[in-house]
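Please look over the sequence and the structure below before reading on.

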Amino acid sequence: MSTETRPSIIGTRPVRPDGYDKVAGRAIYGADVRLPGMLYGRVKRSPHAHAIIKRIDVSKALALPGVHAVVTYADFPAQREKIVQSFRGPGPSEWEVERLLARRKVLYKGHPVAAVCATDMHTAEDALDLIEVEYEVLPPVLSLQEALLPSAPILHDDGFADPIDGLFDHVDGRPTNIATRLELGSGDIEQGFREADVIIEREYETGTYHQGYIEPHNGTAMWGSDGRLTVWTSTQGAFGMRETISRVLDLPISQLRVIPAEIGGGFGAKNVMYLEPLAALLSKKCGGRPVQVRMNNQEVLEATGPTSATRSWVKLGAKRDGTIVAADVLLEYEAGAYHGSPVAGGARCSLGPYSIPNQRVVGYDIVTNKPKVAAYRAPGASASEFAVESAVDELAQELGLDPMVLRMKSPAREGTRRTDGARNGSIGTDEVIRAVMEHPHYRSELTGANRGRGVAMGFWQNGGGESSAFATVHSDGNVTLLTGSVDIGGQRAALAMQFAETMGIPYEDVNSVVADTESVGFTNNTGGSRTTFATGWAVYQAALDIREQLEKRVAAIWEVEPTDVVYDPAGAILRGPGDRTMTFKEAAGRLAHTGGMIQGHADIMSTSIGSVGACIAANIVDVEVDPVTGKVTILRYTAIQDVGRAIHPSYVEGQIQGGVAQGIGMALSEEYVYDAAGQMRNNSLLDYRMPTALDVPMIDVVLVEVPNPGHPYGVRGVGEVPIVPPLAAVANAIADAIGVRIPKLPASPRVILEHLGQA
Amino acid sequence: MPVVHVPASLRHLAGDRSQVEVPGATLRQVFAALERECPGLTARIIADDDVRPDMAVAIDGSILEGVGLVYAVRPEAEIYLVPPIGGG
């Protein structure tokens, strides 16, 4: 593999290309799209958590002046395939449609049942009240405990036309709410525990958390007179959106163009389509007029995918010196209304920081009457690693060892076989542990009543996948760089930097653009911490393509053999025989009259040409607990992470600080609160208590750089693992402060007081 | 011969075996041999002439994506079948 040894742009901190427009309010987000004659849509949602739809009557809504169309489930085309395959398992294709507009049953409060469009938003809103829906209300299933009771109501009791092997397997001839079960592991778990000197066994729980992005979901659709559909939306992946929309609308992907708007946060949740097909169906009923459908924040909270509430059971066995010899983990994850929780992510990452010879992880995907969960930053890993890292902390106490010394005994290293059977490549566990133990925060003394310190580690495997890049050299020596990767965390800058580095040209000479589905090749979604790695590979290859073409063109200009010309990125200069040189800018200026302009492109499957580098993080946190109010105050926070090579250190630090802030919210304050009828009681951003600037101190960040040898610039994904350690780190700090462990997060003041016996 | 490690959830289709040794120089050949050895098992692994999206394949320690059934495997390859992870 080619390895650049001349980093000059990598590691610097240039201004992001989208920064000024975002700060000035000029960036065009999905809801800012305006088209001539555009209609506005709203969604009629279920007021019940679990009910059978007896009747839907839209006639009064259609009669309201200004209303142009109403759609229900019946307006979707029949699904061509009975089963849709996805990475979370196969499912009936009709469920993908029912999630968008309910058919026979509604499965959570907020489940869409109809959509309407009108000349303005207020008329559309009024029309919702005129849509009559008759329900037969059923008892809801609102927790894992309830879902697993033998007497529990069954969400998918109607079965499906062709039962799918492995999905909702029946027990004693009766369906259950358990969608799937998985089991991973290696070694001999029973023998491992027999060899252990100390065994601990604990249970933990986490709540339902929302990603908390500030921009609600939106979708705008317009059919052209040629029968082609164009969709504008705030999404983490235009190509992924194209695929799912085309499937539910039975429309060839070549007839569908998805234009990604600027995005106001996603954290995994904007991989999912909610409104786009509804806008398309409404537009079609209106002769192709553009229709825009938007959510408000209440709809976002009640009807889009949060993360799973979870229960975990952990059993660890260790030798007296702290070496962990056996680990047994059981995970139960809520999937919401349809199968597909991130329990696999939780299972595969739960023991990631460690090398344990005997291990077993069992996971269950369980449906409940809540919105179907969506990905949330390192999906599944925060909960499972909260459980394991809390248990490791308790194991250290049991053994009388410093918690980081214990972690030094069994670190995951290169070649370590993971729970899933794969082996680690290069991984920075030792370097991160060392950075923690040498950090002034960890070495400092913490004094004062009700104060405590916690540490925890985190692991995430990171993703690879497919990416494309297309770069056009202009005659002035600037380059337009098109990629299909939506920019959520500074990717435009990070990709432009890698391209500029490979070319040896200034970062400012690269115009980095997020392209739509008809302007660049297929690219997987921006998610899984894959973009700077995988699309970075693509822009690197596109730059090499341009370099090679330039060598040939300049050879033709000089009338020498192509092999006699070499592109030297140090100085962006082409060198030929007899000390002949031509700068990149000079060459760009001569392209038009020597054979035409040059474009470089690359379509790559990143894991076929490189390898993903897994990520290790660790947090140190000091807290103070008020024994009267139960409030936890974070006194000091340090986040340490192996980042491979930080392309743009400021954005890497920002990812880490953002992930930690979200993890603190999970640990202390955030949680969906439902009443007995399945109504979310804190369905506003005032009552759903995300941390504010007053709750989170400055988060000190330490970037540990263990370059990934599977990438030309050593990149590892950095965006997801920061959310993994905070839950356990904060919980461990609380336990250290008050001497009582809180096994169920969030550790809100009420929960703290309950555990202190003062509620 | 390559060894296919069967996940616990599929072992009932492999005679409760955790690993099955089968011949093959490509993933397609390995899975064809696996199907002969354990009828019905590969329906949970393969669909539409590709590895199913809810199944990831780790070959000799590395999880591979998008390589398809034409991927060449070593005579002593170890093949793990694991649930894929979605990113956020």
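At what angle do helix α11 and helix α20 of chain A pack? In this predicted model, the angle between α11 (residues 381-399) and α20 (residues 725-738) is about 35 degrees, and their axes lie 7 Å apart. The crossing of α11(A) and α20(A) is right-handed. On the side of α11(A), the contact is made by A:S382, A:E385, A:F386, A:E389, A:S390 and A:D393. Facing them from α20(A) are A:P725, A:L727, A:A728, A:A731 and A:N732. Sorted by class, the residues of this contact comprise 5 nonpolar, 3 polar and 3 charged.

Chain A is divided into domain 1 (19-26 + 464-609), domain 2 (33-140 + 217-294) and domain 3 (310-462 + 613-755). Between the centres of domain 1 and domain 3 of chain A, taken over C-alpha atoms, there are 38 Å. The contact between these two domains involves 15 residues of domain 1 and 16 residues of domain 3. On the domain 1 side, α15 (491-503) and α16 (531-558) of chain A each supply at least two residues. The largest share of that side comes from α16(A), with 5 residues. By class, the domain 1 side that touches domain 3 holds 6 nonpolar, 8 polar and 1 charged.

The contact takes 40 residues from chain A and 25 residues from chain B. Among the elements of chain A, β9 (178-186), α10 (343-349) and α18 (606-609) each supply at least two residues of the side that touches chain B. That side of chain A has 12 nonpolar, 17 polar and 11 charged residues.

Finally, consider one residue, A:P411. Where in chain A is A:P411 found? A:P411 sits in the loop between α12 (403-409) and α13 (429-438) of chain A. Is A:P411 buried, exposed or partly exposed? A:P411 counts as partly exposed because 19 C-beta neighbours lie inside 10 Å, whereas a buried residue needs 20 or more. Leaving aside residues up to four places away in sequence, A:P411 touches A:P353, A:Y354 and A:S355, together with A:T429, A:D430 and A:I433. From A:P411 to A:G463 there are 52 residues in sequence and 22 Å in space, C-alpha to C-alpha.

Definitions and conventions. Residues numbered from 1 in each chain as written. Chains lettered and ligands numbered in written order. Predicted model: local features only at pLDDT ≥ 70, side-chain atom pairs only at ≥ 80, totals over all residues. Helix = DSSP H or I, 4+ residues; strand = E, 2+ residues; numbered from the N terminus. Buried ≥ 20, exposed ≤ 12 C-beta atoms within 10 Å, placed from the backbone. Contact = placed C-beta atoms within 7 Å. Axes fitted to C-alpha atoms, helices over the stretch in contact; angles between N-to-C directions. Left-handed = near helix turned anticlockwise from the far one by under 90°. Nonpolar A, V, L, I, M, F, W, Y, C, P; charged D, E, K, R; others polar. Domains from an automatic or database assignment.
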